[in-house]
Amino acid sequence: MDVGELLRYQPDRGTKRGRDDEPEDLRPPRKERGGRNWHRDEERGPTAEEDRNALDDGDDEEENETLDEGAVKRMILNFEKRSYKNQELRIKFPDNPEKFMESELDLNDIIQEMHVIATIPDLYHLLVELNAVQSLLGLLSHENTDVCIAVVDLLQELTDIDTLHESEEGAQVLIDALLEGQVVALLVQNLERLDESTFFFCLLT
């Protein structure tokens, strides 16, 4: 056999058998119909309506959280921690603002968050019991006027006439604590550093 015959040579592969000729036990099992759809249903993500319901439930939980006494306590304690941390860093690094600037921003943020307390004057007593009123008054002399103004804005909202009418008991507790802490004197002392809105707050107080 020469080279050409070798290249043209093809071995006899036998006759191909169809699937019907295979023994029954060698055939691959057929897939059950409906199995694929079952997996699709199982792996299917939540629908748009389910997503909306989940978001609504989350909003309700968040709203309940803001009205909860425990949540207000945690907020006040968080405020105290941030205030103390900022004061500590300012004392430790008086000539290096980069060291305490982030803590100052955190302090300003928590003061803004505390505006929600104005919606629940029945819990004003927590501000007094946890010494938050004294801490807020102390911040009126803070070196950063932005922090001072943030405190003034918070006090203005807490002592809003309409808000105070919602809970006479809560209002009285807060007003007594502010007067005891010499709020008017502190505002007058820092009036030159603050904006004109502070002056109107002094008059209202």
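Which residue with a positive phi follows α10? We will meet that residue at the end of the first section. Keep in mind that this is a predicted model.

## Helix α10

Let's start with the length of the helix. Helix α10 covers residues 168-180, and at 1.5 Å a residue its 13 residues should span 18 Å.

Now look at which way its side chains face. Gly170, Ala171, Leu174, Ala177 and Leu178 are the buried residues of α10. Viewed down the helix axis, these buried residues fall within an arc of 135°, so they line one face of α10. On the face turned away from the buried side, you will find the exposed residues Glu168, Glu169 and Glu180. And the answer to the opening question is glutamine 182, which follows α10 and has a positive phi, near 60°.

## Serine 103 in helix α5

Next, find serine 103 in helix α5, which runs over residues 97-113. Is serine 103 buried or exposed? Its relative accessible area is 5%, and since buried means under 20%, serine 103 counts as buried.

Who are its partners? Setting aside neighbours within four places in sequence, serine 103 is in contact with Asn86 and Leu89. With asparagine 86, the side chain of serine 103 makes a side-chain polar contact of 3.1 Å. A polar atom of the serine 103 side chain also lies 2.7 Å from the backbone oxygen of phenylalanine 100.

Technical notes. Residues numbered from 1 in each chain as written. Predicted model: local features only at pLDDT ≥ 70, side-chain atom pairs only at ≥ 80, totals over all residues. Heavy atoms only, no water. Helix = DSSP H or I, 4+ residues; strand = E, 2+ residues; numbered from the N terminus. Expected span 1.5 Å × (residues − 1). Buried < 20%, exposed > 50% of the residue type's maximum accessible area, 1.4 Å probe, protein only. Arc of directions from axis to C-beta. Contact = heavy atoms within 4.5 Å. Polar contact = N/O pair within 3.5 Å; in protein donor to acceptor, adjacent residues only side chain to side chain.
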